[in-house]
Amino acid sequence: MRTMRTVGRRLRPSPAAVEVQHGRGPGSRGDVIFAGPLPPAPTGIATYDRAVLDGLDRIGFADRMRMDVVWPVDTQDAGRFPGYHLGVFQLGNNVEFHLEIYRAAYLTSALVVLHDLALDDFVRGLKAAGEPLGYMAAREAARLRRELTDPDVLRNDPLREPWCAHVVRRARGVIVHSEFGRRYLEGFGCRTPVFVVPHPAIEAPDAFDQLAPRAGELRAGLGDPSFLVVAPGDMNEAKRFDALAQAVAGLGEGTHVAIVGRRIEGYAVEPVVEAARAGRRVSVHADVSDADFLAWLAAADAVVDLRFPHRGEVSGSLSRAMQAGKPAVVSATGTYLDVPDDAVLRVAPGPTDPAELMRVLVRLRDDPGLRGQVGAAAAAHVAHLRETEATARGYERAITDTLALVRDPARKAMAIWGKALVDAGITEEMVAEGYGMEYARALGSFQPGPEVPAHRRNVEGSP
């Protein structure tokens, strides 16, 4: 302790300001690199990324900052990433699409975008492939699981361990799509800056109007039911098709449920429907074209988008249904609680009770006014996000703020100094008394140097 006090007193006042020029590495052609799936990759994140990039173009982001986009990402790209000041990395739960992106997030300063808070399947996939990062992520998740105490989190098994904690701790910033995501990260002690950026409106404003003829054909193919419920998206156990099929059995002959989306390996929906004995009132439409997927939403009178267990994702299918002005029934859990109350109807969290779901669907079936009211609120919510370019402007703020953090010349030295204080046994109370603060104040006086013109960056950064 005496030694630390002596060191602190010997420090001299710092200069008023020191300008620091930032170098750039080989392969760099800009300040920022964006890595994530793009169409036609068969994942919802591909259409999400396309919508984000289109939004950034509309607000003129490219005029203010050079950002390279890379997809697909393979091992030979690894040498390029450290040359950028910041990488924007889209992370989902699929090793096929996100392995190299995940690795890249450890090679450069990263702004990671979490599409699933629970990266459980992804981390298990890394371990199965013998990837060291998988074991590191699993160890950190196990160490931090006791920090999570929210009952809504603990109800959902994939969220009980913070599988994303390791990559989030290494990142300089994190983008999530709802306040639930922020609460989850802060719940296990995350100190990385978190940016809540809403899911973009994926489709063009008139997309569903143009599909009206096809929507009519799809309804006619079902015998033109008086009440058509569509359950859209990837077909998996979390969608609770068992409860939906049981619920529709009590809704009468005029009601039909269409399950529409992408088959997921390891899950078969047909046996689930047969077990509910719903007969012809439930049909399955797997791996339809993108246009027909939207047409099914346009044809619906109501949409059901349930989740249990929840992985902390924001549903792209729900976003599309809301944009189409459809009333949706969702589970009262996680990110679904952040949707405006008047824009959806909710059922209790956990395993869905078929009787409760049936009661909600009966309300929608028997009350066209309620359907119109909820659907209009949903459409207005998505339209507002689109008109204000909320997603693109949220991305710009996240990128700008994180880039400023990365460029802070004192950041790394401050982190090393803070760790040295901890290693020496200095407590927060001792810091409050002034131990080590003169050096920290000196570091705080450093300022980033002036920006280098873009044309110079590109020439100097060329491979």
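Which residue in β6 is the bridge partner of V112? I looked this up in a predicted model, and the partner is V174.

**Entry 1: the strand pair.** I then checked how strands β5 and β6 run beside each other. β5 covers residues 110-114 and β6 covers residues 173-176. Their pairing is parallel, and I noted three bridges.

**Entry 2: the sheet.** I found an open sheet of six strands, in the order β3-β2-β4-β5-β6-β7, paired in parallel. At the edges I have β3 (67-70) and β7 (194-196); each has a single partner strand, so one side of each lacks a neighbour in the sheet. I wrote down an average twist of 20° from one strand to the next.

**Entry 3: a helix on the sheet.** I looked at helix α4, residues 95-104, which packs on the sheet. α4 touches β2 (32-35) and β4 (86-91). The direction of α4 makes about 150° with that of β4.

Entry 4: Rolling a probe the size of a water molecule over the atoms shows where empty space is left. I counted four cavities of 30 Å³ or more. The largest cavity holds about 110 Å³ of space. Its lining has 13 residues, and closest to the centre are R58, P200, A201, E389 and T391. I sorted the lining by type: seven residues are nonpolar, three are polar and three are charged.

Which elements give two or more residues to this lining? I listed α2 (44-58), α17 (368-387) and α18 (390-407). The most comes from α2, with four residues.

Methods. Residues numbered from 1 in each chain as written. Predicted model: local features only at pLDDT ≥ 70, side-chain atom pairs only at ≥ 80, totals over all residues. Heavy atoms only, no water. 1 Å grid on protein atoms, 1.4 Å probe; cavity = no way out; pocket = protein on both sides within 12 Å on 5 of 7 lines; lining within 4 Å. Points joined across faces, edges and corners; volume = space filled by probe spheres on them. Nonpolar A, V, L, I, M, F, W, Y, C, P; charged D, E, K, R; others polar. Pairing = 2+ DSSP bridges. Axes fitted to C-alpha atoms, helices over the stretch in contact; angles between N-to-C directions. Contact = heavy atoms within 4.5 Å.
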